[in-house]
Amino acid sequence: MSTRTRSDAAPVPRDAVLSAFLDVHAPFVPVPLAPEVSVFQARGLVEVWEAAERLAGDVVSPPFWAFAWPGGAALARTLLDHPDKVAGRRVLDLGTGGGVAALAAARAGAREVVANDLDPWALATARLAAIRQGLSLTLLPGDLTLTPAMAEEFDVVLCGDMAYERSVAPRIRAFLERARAAGATVLVADAGRAYFDATGMRLLGAWTLSVPEDLEGVRERTARVYEVE
């Protein structure tokens, strides 16, 4: 669920190589809270990061795409329990990471799911996960907060666990609010990130789940899902 990546980081391996790598270091297993979909999930950050850099022979951005982040899992559960929120609609998953929420939206019957991320490794990993379970994602690379008018192009916008950086969080919030002003349903999940602000949002649900300690610094987090009013 990356928010940034180095422009000089190693290119993504071809599909067969990346798929084999993921099967060893981030097994393809059901998502916590949402076993109806599966994603690639590493056992620990250091192991998968070091392995990715050995594979690439170069710098690789933090492999946040190799985890089912709690916010994404909570969004997935919400969409699968309430498919009417996305069924037949065009959905954007902002900062998709490994694709947890995007895949749940596809499973719930969205007309199109656009998975966005800065990190090309994330988009490649999400696409492989979609292929393995017969789902379809449209990949959209880049920082959409730099083109805020794009917020108006979607019926639903999803955003999970993205309030990490002081400088980025306000741009993300502005993008989400623009989408809502244009008539989109905007669903946001947060698991205690430093710069999250729930003002103007309605709580839909909360779930506590285990998380990798070397990634999160704790053993469990509570993820809350909100709808922007």
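Helix H3 has twelve residues, which at 1.5 Å a residue should span 16 Å; its end C-alpha atoms are 16 Å apart, in agreement. The model is a predicted one. H3 is mostly covered, with eleven of its twelve residues buried. Two other helices, H2 and H6, each keep their buried residues on one face. The salt bridges come to 17.

**Helix H3 (residues 70-81)**

- The buried residues of H3 are Pro 70, Gly 71, Gly 72, Ala 73, Ala 74, Leu 75, Ala 76, Arg 77, Thr 78, Leu 79 and Leu 80.
- Asp 81 is partly exposed, at 44% relative accessible area.
- Arg 77 counts as buried, at 12% relative accessibility. The cut-off for buried is under 20%.
- Arg 77 and Asp 81 form a salt bridge, with their closest N and O atoms 3.0 Å apart.
- These two residues are four apart in H3, so about one helical turn separates Arg 77 from Asp 81.

- Pro 35 sits in strand E2 (residues 34-40).
- Pro 35 counts as exposed, with 54% relative accessibility.
- Leaving aside residues up to four places away in sequence, Pro 35 touches Pro 30 and Arg 77.
- From Pro 35 to Arg 77 the C-alpha distance is 8.9 Å, and the two are 42 residues apart in sequence.

**Helix H2 (residues 45-56)**

- Leu 45, Val 48, Ala 51 and Ala 52 are the buried residues of H2.
- Viewed down the axis of H2, these buried residues fall within an arc of 145°, so they line one face of the helix.
- The cover over the buried residues of H2 includes helix H1 (15-25), helix H5 (120-132) and helix H7 (213-216).

**Helix H6 (residues 169-181)**

- H6 has 13 residues and reaches 18 Å from its first C-alpha to its last, close to the 18 Å expected at 1.5 Å a residue.
- Ala 169, Ile 172, Arg 173, Phe 175, Leu 176 and Ala 179 are buried in H6.
- Down the axis of H6, the buried residues fall within an arc of 160°, so they line one face of the helix.
- Pro 170 and Ala 181 are exposed on the other side of H6.
- Strands E3, E6 (156-160), E7 (185-190) and E8 (201-210) are included in what covers the buried residues of H6.
- Just after H6 comes Gly 183, with a positive phi of about 105°.

**Strands E4 and E5**

- Strand E4 (residues 112-117) pairs with strand E5 (residues 138-141) in the parallel sense, over four bridges.
- Asp 117 has Pro 141, in E5, as its bridge partner.
- Together with H5, strands E4 and E5 make a right-handed β-α-β unit.

- Asp 15 and Arg 127 meet through their side chains in a salt bridge, at 2.6 Å from N to O.
- Asp 15 lies in helix H1 and Arg 127 in helix H5, so this pair ties together parts that are 112 residues apart in sequence.
- Asp 15 is partly exposed, with a relative accessible area of 33%.
- Arg 127 also counts as partly exposed, at 27% relative accessibility.

**Salt bridge between Lys 85 and Glu 227**

- Lys 85 forms a salt bridge with Glu 227; the closest N and O atoms are 3.3 Å apart.
- Lys 85 lies in the loop between H3 and strand E3 (90-94), and Glu 227 in strand E9 (residues 220-228), so the pair ties together parts that are 142 residues apart in sequence.
- Lys 85 and Glu 227 are both buried.
- A network of salt bridges links Lys 85, Arg 202, Glu 227 and Glu 229.

Notes:
Residues numbered from 1 in each chain as written. Predicted model: local features only at pLDDT ≥ 70, side-chain atom pairs only at ≥ 80, totals over all residues. Heavy atoms only, no water. Buried < 20%, exposed > 50% of the residue type's maximum accessible area, 1.4 Å probe, protein only. Arc of directions from axis to C-beta. Contact = heavy atoms within 4.5 Å. Pairing = 2+ DSSP bridges. Right-handed = clockwise from strand over helix to strand, strands pointing away. Salt bridge = Lys/Arg side-chain N within 4 Å of Asp/Glu carboxyl O. Expected span 1.5 Å × (residues − 1).
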